[in-house]
Amino acid sequence: MATKGVGMANKGPAFGMSRHVQDKIDSKYDAELELILVEWISRQCGAGVSKPEAGKMGFQAWLKDGCVLSELINSLFTAEKPVKKIQSSTAAFKQMEQISQFLNASEKYGVTKTDMFQTVDLWEGKDLAAVQRTLSALGSLAFTKDEGTYNGDPNWFFKKSQENKRDFSDDQMKAGKNVIGLQMGSNKGASQEGMSYGRSRQIL
């Protein structure tokens with residue numbers, strides 16, 4: 001059965017603590033970042049993807065069925081595309097399945113779990129700031145990898161720090177064990193000679 005209108009639209013108003021928590025989550029949504037993400041995704045996906053209505057609700061509706069997200073992640077892979085089938089649907093489980101494919105492919109691309117939003121964050125509109133965080137991490141990763149697939153302004157995302165992996169020989173590793181770090185001080189010339197630990201106890 002189709003689930004048209006399911007999501008933010010049919011949820012009742014929140015009260016008390018739940019309302020306070022939701023307001024706090026909503027306050028983290030960045031309207032300026034929304035503009036950057038929309039422009040980047042539009043460039044990555046090409047003319048086949050239309051832009052959303054401005055604002056948080058429009059942003060959610062644009063991404064909710066998972067199709068735009070799937071087009072986005074596929075555009076970052078040069079060879080085999082991770083999302084094999086991209087098909088719009090009004091069925092809730094199909095939309096959430098499409099979002100899950102995007103999340104799995106993003107993890108495969110290199111986005112860390114801590115930067116990943118949950119399906120309900122987008123589909124139910126629970127935390128759209130988390131969705132922005134994932135897309136920002138994906139943009140930064142695409143820009144950093146510099147594989148020729150990133151199609152955006154270099155000022156939109158920061159470059160992620162690269163791993164500085166070093167290989168040491170067995171001799172270097174053994175020599176390192178004999179070095180006393182400066183933060184540990186020095187034992188040069190130290191002894192217990194002449195040290196006093198207080199007066200001896202008198203036994204009467």
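## Crossing of helix 2 and helix 7

The crossing of helix 2 and helix 7 is left-handed, a crossing being so called if the near helix is turned anticlockwise from the far one by less than a right angle. In this predicted model, local features need pLDDT of at least 70 and side-chain atom pairs count only at pLDDT 80 or more, while totals for chains, interfaces and linings use all residues. Residues are numbered from 1 along each chain as its sequence is written, and side-chain values use heavy atoms, with hydrogens and water left out.

Helix 2 (residues 31–45) packs against helix 7 (residues 128–145) at an angle of about 50°, and their axes are 11 Å apart. That angle makes helix 2 oblique to helix 7, since angles under 35 degrees count as roughly parallel, over 145 as roughly antiparallel, 65 to 115 as roughly perpendicular and the rest as oblique. Contact (heavy atoms within 4.5 Å) is made by Leu33, Glu34, Leu37, Trp40 and Ile41 of helix 2 and by Gln132, Leu135, Ser136, Leu138 and Gly139 of helix 7.

## Buried residues of helix 2

Helix 2 has as its buried residues Leu33, Glu34, Leu37, Val38, Trp40, Ile41, Ser42, Gln44 and Cys45, where buried means under 20% relative accessible area with a 1.4 Å probe, protein chains only. These buried residues pack against helix 3 (56–63), helix 4 (67–75) and helix 7.

## The chain as a whole

The chain has eight helices and zero strands, helices being DSSP runs of H or I with at least four residues and strands runs of E with at least two. Of its 204 residues, 35% count as buried.

Key:
Axes are lines fitted to C-alpha atoms, for helices over the stretch in contact, and angles run from 0 to 180 degrees between N-to-C directions. Buried means under 20% relative accessible area, exposed over 50%, partly exposed in between (1.4 Å probe, protein chains only).
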